[in-house]
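Student: I have a model open and want to learn how to read it. Can we go through it feature by feature?

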Amino acid sequence: TRRALTLASLGLPTLALPAWARAPGLFGATGEFVFEGWAGEPIKVFYAVPPTFKSDTPIVIVIHGAQRDADVYRDQWIEPARASGCLVICPRFDKDHFPKEADFSQGRVLDDDGLTPRERWTFSAIEPLFDHVVDRFLSRRKTYRLFVHSGGSQFVHRFLFLNPRARAERVVM
């Protein structure tokens, strides 16, 4: 199936959990928080924690497309997160804080006045967000995986090009 291919391409197992372990709210958790640990505007982050979460659980950062519907992607990843045992993080670059397409998919590298300071590029939010997630969820992970959709692929192509030391161990676009 498409979902199994997605999990496999991220290097995650496609385990079948018993029905009692998949009951909503019984194990695992979903939620959201606001990330402010970078030089740019606050970013709302949606997450799904698997019921088998441990400090070495893989972390998958899912980047939305041009619709900027990170909450929808998080909801679509709840079952795969539970089945594969990965922590799913979905940041939203919303239109209130990042109104122009260039603020999101082009990373806000340029504005009307030219080159913007690197620490305010939206690309510059990903690595500190990962560090925040590691601290928040008491993880020992040193790397993360990226899964991106449509316009998010443009964002991640540019992010990886401009951040050659990014700690992304696997990327699926």
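Student: Which strands does α5 lie across?

Tutor: Start with how the elements are named. Helices (H or I, at least four residues) and strands (E, at least two) are DSSP runs, numbered from the N terminus. Contact means heavy atoms within 4.5 Å. Axes are lines fitted to C-alpha atoms, for helices over the stretch in contact, and angles run from 0 to 180 degrees between N-to-C directions. Here, α5 lies across β3, β7 and β8, and runs at about 140° to β7. Helix α2 lies across β1, β2, β3 (59–63), β4 and β7, at about 175° to β4.

Student: What should I know about the model itself?

Tutor: This is a predicted model, where local features need pLDDT of at least 70, side-chain atom pairs count only at pLDDT 80 or more, and totals for chains, interfaces and linings use all residues. Residues are numbered from 1 along each chain as its sequence is written, and side-chain values use heavy atoms, with hydrogens and water left out.

Student: How many helices and strands does the chain have?

Tutor: The chain has five helices and eight strands. From the N terminus, their order is α-β-β-β-α-β-α-β-β-α-β-α-β.

Student: In what order do the strands of the open sheet lie?

Tutor: First, the general idea. Strands of a sheet pair through backbone hydrogen bonds, either parallel or antiparallel. The rule used here: two strands pair if DSSP finds at least two bridges between them. In this model, six strands form an open sheet in the order β1-β2-β4-β3-β7-β8, with mixed pairing. Neighbouring strands are turned by 20° against each other on average, direction ignored.

Student: How many bridges join β1 to β2?

Tutor: Strand β1 (residues 29–35) and β2 are joined by seven bridges and run antiparallel. Gly31 stands opposite Tyr47 in β2. Val34 has Lys44 of β2 as its bridge partner. Now move on to β4. Five bridges join β2 to β4, again running antiparallel. There, Phe46 has Cys90 in β4 as its bridge partner.

Student: How many residues of strand β2 are buried?

Tutor: Learn the cut-offs. Buried means under 20% relative accessible area, exposed over 50%, and partly exposed in between (1.4 Å probe, protein chains only). Strand β2 (residues 43–49) is mostly covered, with six of its seven residues buried. Across the 173 residues of the chain, 50% count as buried.

Student: Is Gln67 buried or exposed?

Tutor: Gln67 is exposed, at a relative accessible area of 67%. Look for Gln67 in the loop between β3 and α2. Its C-alpha atom is 9.8 Å from that of Gly152, although the two residues are 85 residues apart along the chain.

Student: Which residues does Val134 touch, not counting those up to four places away in sequence?

Tutor: Val134 touches Ile59, Ser139 and Arg141 on that count. Val134 sits in helix α4 (residues 126–136). With a relative accessible area of 13%, Val134 is buried.

Student: Why does the pair of Phe93 and Phe155 count as tilted?

Tutor: The ring planes of Phe93 and Phe155 stand at 40°, with the centres 5.3 Å apart, so the pair is tilted. Phe93 is buried, at 1% relative accessible area. Phe155 is also buried, at 1%. Both belong to one aromatic cluster, together with Trp38, Phe98, Phe104 and Phe123.

How values were computed: Phe/Tyr/Trp six-rings, centres within 6.5 Å; stacked < 30°, edge-to-face > 60°.
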